[in-house]
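Dear colleague,

Please find below the structure that I am handing over to you, followed by a short account of what was found in it.

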Amino acid sequence: MPVRPYKILGLAGLGLVISTLVATLALAAECPPSGAPLTEFGIHYLLDKTLTSKEPGTVIPLSKPGAPVRYARLLVVSSDINTGWRLVIRNQQRKPLQVIDSKNFSDGSKTTWSNRLPASMVELSLEFDKPLPELIVKVVAATAMPEKAEHPYYSTKHPIADWKDLYASEFVEVSPEVRYWGDSVGMLTSFAGSSLTGVATWCCSGSIIATTPRILFLTNFHCGGLKSWQDNEFWNADVCANTVVDMSWDGDDVSMEYACKEVVKVDPILDAAVLELAPLTSSSMPAKSIKIRIKPGEAGESLKIIHHPQCLSKQISQGCNVGQPMANWKDGRKITDFAHTCDSEGGSSGAPVFDSSGNLVGLHHLGFELDSGGHCDQLNKAVSSESLLDFLKNFPIETAN
């Protein structure tokens with residue numbers, strides 16, 4: 001008769017076995033299918049709210065029952081360059097949140113995103129200094145940011161993710177210098193679709209790699225569309241127009257929000273994309289760029305990732321290391337990636353992987369995947385900075401050894 005395990009291990013040992021088994025099963029169950037899934041994020045509304053001198057006001061709800069939001073944004077359209085009008089956005093207490101006028105369209109664009117609006121409902125009122133019978137301003141879409149992401153998966157070493165709020169005052173393990181690195185990291189949100197096909201919204205991370213003569217933002221190629229799309233559909237003009245990068249996220253006092261102005265360069269094989277950004281407001285804090293390291297990461301080297309896992313406010317994963325070199329995610333003949341042990345989530349895609357000096361040594365792009373045998377590989381992956389250098393060679397980036 002075989003000996004029962006608990007007679008050998010004792011209760012404590014049995015508990016360890018059970019907890020390890022549960023953790024392993026949890027990781028296997030939450031391991032996403034191979035590829036680059038996006039973290040679903042946001043409640044998107046396609047609207048057709050028209051404001052005119054005769055119909056100057058409307059109310060727009062921005063949350064659904066049981067789905068509280070942290071904030072929302074409105075997509076406003078106008079081709080009127082008259083300086084005598086303004087769109088006032090107020091919350092449910094009628095407190096003004098933002099004023100949009102013709103200056104928001106001075107670059108020739110017919111659309112502009114509002115700032116973050118911390119409200120579950122907004123009241124819009126069109127005001128003008130003199131009668132403007134031809135004036136038409138439309139609100140065509142709204143994206144509300146919920147308390148948490150839908151359908152998250154975790155690429156973590158343990159069942160409880162090892163990341164923490166970068167700026168939490170009680171989190172003393174992060175030095176002031178490391179917190180400064182976060183100035184260059186932003187959360188990208190975008191959407192695609194229509195009222196006929198349905199709308200999908202998602203988030204990613206990324207970092208500013210140049211500020212002059214234009215602001216350039218590095219993220220993943222797969223952050224520019226849906227997994228079902230063909231490569232040539234990613235980062236099309238509509239996706240760029242629907243993309244906002246928030247360098248500060250919520251709970252702050254300084255606006256650092258940017259719109260995608262142009263998709264400058266993409267590489268589907270490398271899973272990299274460079275966007276040109278434009279400030280949403282003239283008062284945005286100046287952008288800060290990071291340095292790209294020339295030397296590849298060495299096995300065992302200490303790493304940190306500043307990112308937006310689960311589309312949360314800015315988080316940091318640390319106490320992690322470089323793993324083995326890895327093949328390219330689409331072309332297995334090329335070694336472009338490396339494994340790492342920093343905890344990540346779908347919203348972490350595009351985040352910079354920092355060395356101990358705050359230089360970008362990798363571009364995080366993949367979490368745990370199912371291998372050919374259907375087992376979770378429990379490996380996070382980043383594109384090495386060495387592989388990125390040729391892709392970035394014509395950009396005014398700063399490098400470090």
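Strands S20 (residues 315-327) and S21 are paired in the antiparallel sense, over four bridges; helices (H or I, at least four residues) and strands (E, at least two) are DSSP runs, numbered from the N terminus, and two strands pair if DSSP finds at least two bridges between them. Within this pairing, Pro325 lies opposite Phe338 of S21. Strand S21 is also joined to S25 by four bridges, and these two strands run antiparallel. There Phe338 has Ala382 in S25 as its bridge partner. Strand S21 (residues 335-340) is largely enclosed by the rest of the structure, because five of its six residues are buried. Buried means under 20% relative accessible area, exposed over 50%, and partly exposed in between (1.4 Å probe, protein chains only).

Please note that this is a predicted model, in which local features need pLDDT of at least 70 and side-chain atom pairs count only at pLDDT 80 or more, while totals for chains, interfaces and linings use all residues. Residues are numbered from 1 along each chain as its sequence is written, and side-chain values use heavy atoms, with hydrogens and water left out.

The chain as a whole has four helices and 26 strands. Of its 401 residues, 51% are buried. Among contacts (heavy atoms within 4.5 Å) between residues at least 6 apart in sequence, 69% join residues at least 24 apart. The chain exposes about 18,600 Å², of which carbon and sulfur atoms supply 55%; accessible areas come from the Shrake-Rupley method with a 1.4 Å probe, and for residues only the protein chains shown count as cover.

I turn now to charged side chains. A search of the whole structure finds 19 salt bridges, a salt bridge being a side-chain nitrogen of Lys or Arg within 4 Å of a carboxyl oxygen of Asp or Glu. One of them joins Glu127 and Arg86, whose closest N and O atoms are 3.3 Å apart. This pair links distant parts of the chain, with Glu127 in strand S8 (residues 121-128) and Arg86 in strand S5 (residues 85-90), 41 residues apart. Glu127 is partly exposed at 26% relative accessibility, and Arg86 is partly exposed at 28%.

Lys381 lies in strand S25 (residues 380-384) and Glu369 in the loop between S24 and S25, twelve residues apart. Both Lys381 and Glu369 are buried. Finally, salt bridges that share partners join Arg73, Arg116, Asp246 and Glu257 into one network.

With kind regards
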